[in-house]
Amino acid sequence: MLELFGTSVNLAPIWLTLEVAAITTVVLLLLGTPLAWWMAKMRSSNKVVLEALVALPLVLPPTVLGFYLLIIFNPTGPVTEFLRFFGFEGQLTFSKTGLVIGSVFYSLPFAVQPLMHAFEAIPQRLLDAASTLRASFLDRFFTIVVPLSQRGFLVAATLAFAHTVGEFGVVLMVGGNIPGQTRMVSIDIFDHVESLEYDQAHILSAMMLIFSLCVLMLVYGLNRRFGVKVG
Amino acid sequence: MKRLLGVMALGVSMGAALLGSAPAMADTANIAVAANFTKTIEEIGQVFEKQTGHQVKFAFGPTGKLYAQIKNGAPFDAFFGADEKRPLKTAEDGIGIEKSYFVYAQGQIALYSAKYPVAEHALEVLKEAKFNHLAIANPKTAPYGERAEAYLQKVGLYDGVKAKLVNGESIAHAFQYVVTNNAEIGFVALSQLVDPQSPVYQKGQYWIVPQSEYKPINQGAILTQRGANNVAATAFMEFVKTPKAIEIIQRYGYNVQ
């Protein structure tokens with residue numbers, strides 16, 4: 001609990017939100033990097049399909065995505081069965097794991113698109129030159145691609161993180177609003193508004209607003225200085 | 001004599017309102033309605049439009065959202081909330097007209113499960129608590145959730161199920177948890193079960209929590225200052241109190257006082 005302007009604000013949802021956003025960002029960078037690389041190098045017309053699929057969460061209303069997740073996450077559903085195969089126990093809905101998986105889907109375009117654009121901007125001749133010097137793929141990736149796409153990684157990470165922090169529909173649908181486990185800050189604000197506790201809502205909203213503004217300024221600042229394409 | 005004339009004038013105007021199909025008399029009302037009442041009020045609206053020639057347009061949403069919109073100047077002629085608090089609060093804010101306020105329906109809570117024999121053994125099922133999740137609407141924001149939680153406390157079963165509670169944002173959301181199988185059991189609204197279009201219509205089992213066990217879930221309606229001059233809005237408020245409308249409301253699983 002924190003006292004601000006005479007109103008006590010529970011900070012637990014904020015910490016949970018930051019934790020889920022951080023884990024989601026790491027997962028997205030790990031999964032998004034190979035996916036973005038693959039898409040950047042793709043020459044076939046299938047690329048269009050893949051690009052559209054990745055961008056889907058941008059246009060789908062989060063509550064729709066959340067409702068589908070509710071269906072495919074259910075304890076007898078395909079995703080849970082698949083994870084059981086790897087020794088997963090428990091249930092995806094109403095758990096932090098479920099929140100992270102949902103957020104990974106939801107924030108996918110925000111990580112993959114900047115990475116893809118960064119990878120596309122790397123001159124092929126640099127990679128070819130390295131190949132002639134017998135640099136292995138991993139060698140080329142870590143000594144050429146990663147340093148040249150630094151800003152792309154930074155933008156991808158920032159946007160993925162910020163977007164997950166601001167997420168509402170998906171976590172609302174699959175989370176179950178359990179205090180300390182799945183009650184994230186956006187839901188907390190919604191609850192305060194619904195129960196007419198406008199003071200708490202104002203404070204949390206102001207925190208979110210300032211945070212988002214800072215993140216966006218950071219991203220646009222990076223854009224200006226280094227010319228990284230976003231979105 | 002004066003009084004008689006007044007009564008006659010009233011009679012004539014009421015007759016005109018009832019005949020009402022004269023286009024010059026017809027008006028359109030915009031009405032904000034709590035999402036749980038969607039289908040019921042749409043059916044009432046159809047009958048109303050047919051009988052009076054007026055038009056009613058409904059905007060559906062969570063009661064708290066609608067209240068916030070109305071408070072900030074949203075152009076609604078009447079407000080049908082999911083509780084009493086927020087429609088009455090519009091009167092405090094000087095937007096709603098207090099004397100037009102009435103309770104149009106009372107929600108009924110039911111315990112539903114596709115897996116457990118709740119129709120006959122609801123309390124035993126709750127007591128044994130073998131399920132992983134029990135869905136309720138958020139007690140803090142949704143009246144159905146608040147009553148369900150209070151009921152569990154009253155019968156001394158709350159502590160036993162506390163760790164298994166999952167909160168839907170609204171009663172509709174709690175219902176989704178149960179329908180999609182994510183929670184095996186849940187406190188939902190009877191209106192969600194008796195609707196022939198409900199995904200669980202005549203599937204699974206339910207038990208209606210006796211009305212005497214919890215404070216009534218009164219849903220209140222109020223006319224706004226804006227709606228006071230709207231013939232369609234005032235007529236609709238009265239229409240909801242007629243036997244025809246009450247029959248529809250009861251058919252959808254609500255009580256009427």
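The model is predicted, and the predictor gives the complex an ipTM of 0.71 and a pTM of 0.75. Chain B and chain A bury about 2,000 Å² between them, while the two domains of chain B bury about 630 Å² between them.

**Confidence in the model**

- Chain A has a mean pLDDT of 87, and 97% of its residues reach 70 or more.
- Chain B has a mean pLDDT of 89, with 90% of its residues at 70 or more.
- Among the elements of chain B, strand 3 (residues 78-80) has the highest mean pLDDT, at 97, whereas helix 1 (residues 2-19) has the lowest, at 54.
- Over residues 19-24 of chain B, pLDDT stays under 50, and the model has 3 contacts beyond four places in sequence for this stretch.

**Chain A**

- Chain A contains 11 helices and 2 strands.
- The order along the sequence of chain A is β-β-α-α-α-α-α-α-α-α-α-α-α.
- The C-alpha trace of chain A spans about 65 × 45 × 30 Å along its principal axes.
- Glu120(A) and Lys47(A) form a salt bridge, in which the closest N and O atoms are 2.8 Å apart.
- Because Glu120(A) lies in helix 5 (residues 96-120) of chain A and Lys47(A) in helix 2 (residues 46-59) of chain A, this pair ties together parts that are 73 residues apart in sequence.
- Over all chains, the whole structure has 13 salt bridges.

**The two domains of chain B**

- Chain B is assigned a domain 1, made of 2-106 + 217-251, and a domain 2, made of 109-208.
- The contact between these domains takes 8 residues from domain 1 of chain B and 9 residues from domain 2 of chain B.
- The C-alpha centres of domain 1 and domain 2 of chain B lie 31 Å apart.
- Carbon and sulfur atoms give 55% of the area of about 630 Å² that is buried between the two domains of chain B.
- On the side of domain 1 of chain B, Asn36(B), Lys39(B) and Ile217(B) supply 69% of the area buried against domain 2 of chain B, more than any other three residues.
- There is 1 salt bridge between domain 1 and domain 2 of chain B.
- Lys39(B) also forms a salt bridge with Asp195(B), with the closest N and O atoms 2.8 Å apart.
- There is 1 residue pair in polar contact between domain 1 and domain 2 of chain B, with both residues at pLDDT 80 or more.
- The side of domain 1 of chain B that touches domain 2 of chain B has 4 charged, 2 polar and 2 nonpolar residues.

**Where chain B meets chain A**

- The contact between the chains takes 25 residues from chain B and 27 residues from chain A.
- Of the area of about 2,000 Å² buried between chain B and chain A, 55% is on carbon and sulfur atoms.
- Lys140(B), Glu169(B) and Asn182(B) supply 27% of the area that chain B buries against chain A, more than any other three residues.
- The interface of chain B and chain A has 1 salt bridge.
- Lys140(B) meets Glu197(A) in a salt bridge, at 3.1 Å from N to O.
- The interface of chain B and chain A has 14 residue pairs in polar contact, with both residues at pLDDT 80 or more.
- On the side of chain B that touches chain A, helix 3 (63-71), helix 4 (85-92), strand 7 (165-168) and helix 8 (171-179) of chain B each supply at least two residues.
- Helix 3 of chain B gives the most to this side, with 5 residues.
- By class, the residues on the side of chain B that touches chain A are 11 polar, 7 nonpolar and 7 charged.

How values were computed
Residues numbered from 1 in each chain as written. Chains lettered and ligands numbered in written order. Predicted model: local features only at pLDDT ≥ 70, side-chain atom pairs only at ≥ 80, totals over all residues. Heavy atoms only, no water. Domains from an automatic or database assignment. Contact = heavy atoms within 4.5 Å. Buried area = accessible area lost by both parts, 1.4 Å probe. Salt bridge = Lys/Arg side-chain N within 4 Å of Asp/Glu carboxyl O. Polar contact = N/O pair within 3.5 Å; in protein donor to acceptor, adjacent residues only side chain to side chain. Nonpolar A, V, L, I, M, F, W, Y, C, P; charged D, E, K, R; others polar. Helix = DSSP H or I, 4+ residues; strand = E, 2+ residues; numbered from the N terminus. pLDDT = per-residue confidence, 0-100.
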